[in-house]
Amino acid sequence: FFFQSLPSLKHNCLPSDRLSATMVQSLNAAALKTLTTLLLRPSLTVPHLSVPSVSCIDYASLRRHAGIRAIAFDKDNTLTAPYDELLHPLARNGLQEALATFGVENVAILSNSAGTLDDPGGKDADAIEKKLGIAVIRHQTKKPGGLEEVLSHFGLTDPAEVCMVGDRLLTDIVFGNLYGMMTIHVLPLCTGADNAKDNTIAKVLRSVENKVLYGEWFGGRMLRRRGTTPHKIWKGTPSLSTGEFTFLGEITENGVKKSI
């Protein structure tokens, strides 16, 4: 019942140089270890804010009203097409606003491919940094692991001052919520044939994750109604989105759907 068709925005991805063909995503042991925790705390999968893309986030409001001092972006399908180095057009304004608001030293990529053990010598991370102009955090444990590396990179001690932004509920959002970060979920930049380069397992899991949380079945409605793990500073208002978009006819903040 929850595998019904989920409405989404259509994105067109521009072709660009493929990252190293040898780089593959290995088994995510950290995610497997978190499954037991998720069974007890399913609200960890619910983001504080759901928007179509990173360009729909109000970064000034994040800093002013949620006490955020740093932004950690996922890369594939959040800032770029999968395994590409070039910034996707739909993410351009968002990254520019994040940099203008927080400064380049407080904006970085936390990927489960580039900068991990799947990226020997950090070659792909280096290439991405040159193309996008922001750092790729090196970390040995994949999301939802890697907290120490993130805090160390930004020079912070309180996870609540970090905002995690990504397209995967079971990695990006669960990672942030586990440690008390602000979490923002975005739709994948590429879909259908445009998403051919994406990791097959990631494509399947992302689709299931989104249908479970956003689908109109009793479990999805219950999760959204209960909301997510409370943030230390932000209590649901004021808005953290630009509101200049249509996402399933509504936006979702703190697990509560609101009409635009």
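## Strand pairing around β5

Two strands pair if DSSP finds at least two bridges between them. In this predicted model, β5 and β6 meet that condition with 4 bridges in the parallel sense, and within this pairing valine 165 stands opposite isoleucine 184 in β6. β5 also pairs with β2, again in the parallel sense and over 4 bridges, where valine 162 of β5 is the bridge partner of alanine 70.

β2 in turn runs parallel to β3, to which 3 bridges join it, and phenylalanine 73 stands opposite isoleucine 109 in β3.

## Crossovers and strand faces

Two right-handed β-α-β units involve these strands: one is made by β2, α3 and β3, and another by β5, helix α6 (residues 169-178) and β6.

In a regular strand the side chains alternate between the two faces of the sheet. In β2, Ala70 and Ala72 point one way while Ile71 and Phe73 point the other way, and all are buried. β5 is likewise covered on both faces, with Val162, Met164 and Gly166 buried on one side and Cys163 and Val165 buried on the other; 5 of the 5 residues of β5 are buried.

## Nonpolar cores

The largest nonpolar core has 34 residues, and those with the most contacts inside it are Val54, Tyr59, Leu62, Ile71, Phe73 and Val165. The elements that give two or more residues to this core include the strands β1 (49-51), β2 (70-73), β3 (107-109), β5 (162-166) and β6 (182-186), together with the helices α2 (59-66), α3 (89-102) and α4 (123-132). Of these, α3 gives the most, with 4 residues.

Leucine 62, one of the residues with the most contacts inside the core, touches Ile57, Gly67, Ile68, Ile71, Phe102, Cys163, Met182, Ile184 and Leu240 when residues up to four places away in sequence are not counted. Apart from this core lies another, of 14 residues, among them Leu110, Val150, Leu151 and Val162. In soluble globular proteins, nonpolar side chains tend to be buried together.

Glutamate 161 is placed in the loop between α5 (147-154) and β5. Its relative accessible area is 18%, and because buried means under 20%, glutamate 161 counts as buried. Leaving aside neighbours within four places in sequence, glutamate 161 is in contact with Gly67, Ile68, Arg69, Ala70 and Leu156. Among these contacts, Ala70 is the residue whose bridge partner in β5 is valine 162, while Gly67 and Ile68 are also touched by leucine 62.

Terms used. Residues are numbered from 1 along each chain as its sequence is written. This is a predicted model: local features need pLDDT of at least 70, side-chain atom pairs count only at pLDDT 80 or more; totals for chains, interfaces and linings use all residues. Side-chain values use heavy atoms; hydrogens and water are left out. A nonpolar core is a set of buried Ala, Val, Leu, Ile, Met, Phe, Trp, Tyr and Cys residues joined through side-chain atoms within 4.5 Å. Buried means under 20% relative accessible area, exposed over 50%, partly exposed in between (1.4 Å probe, protein chains only). Contact means heavy atoms within 4.5 Å. A crossover is right-handed if, with the strands pointing away from the viewer, the path from the first strand over the helix to the second runs clockwise.
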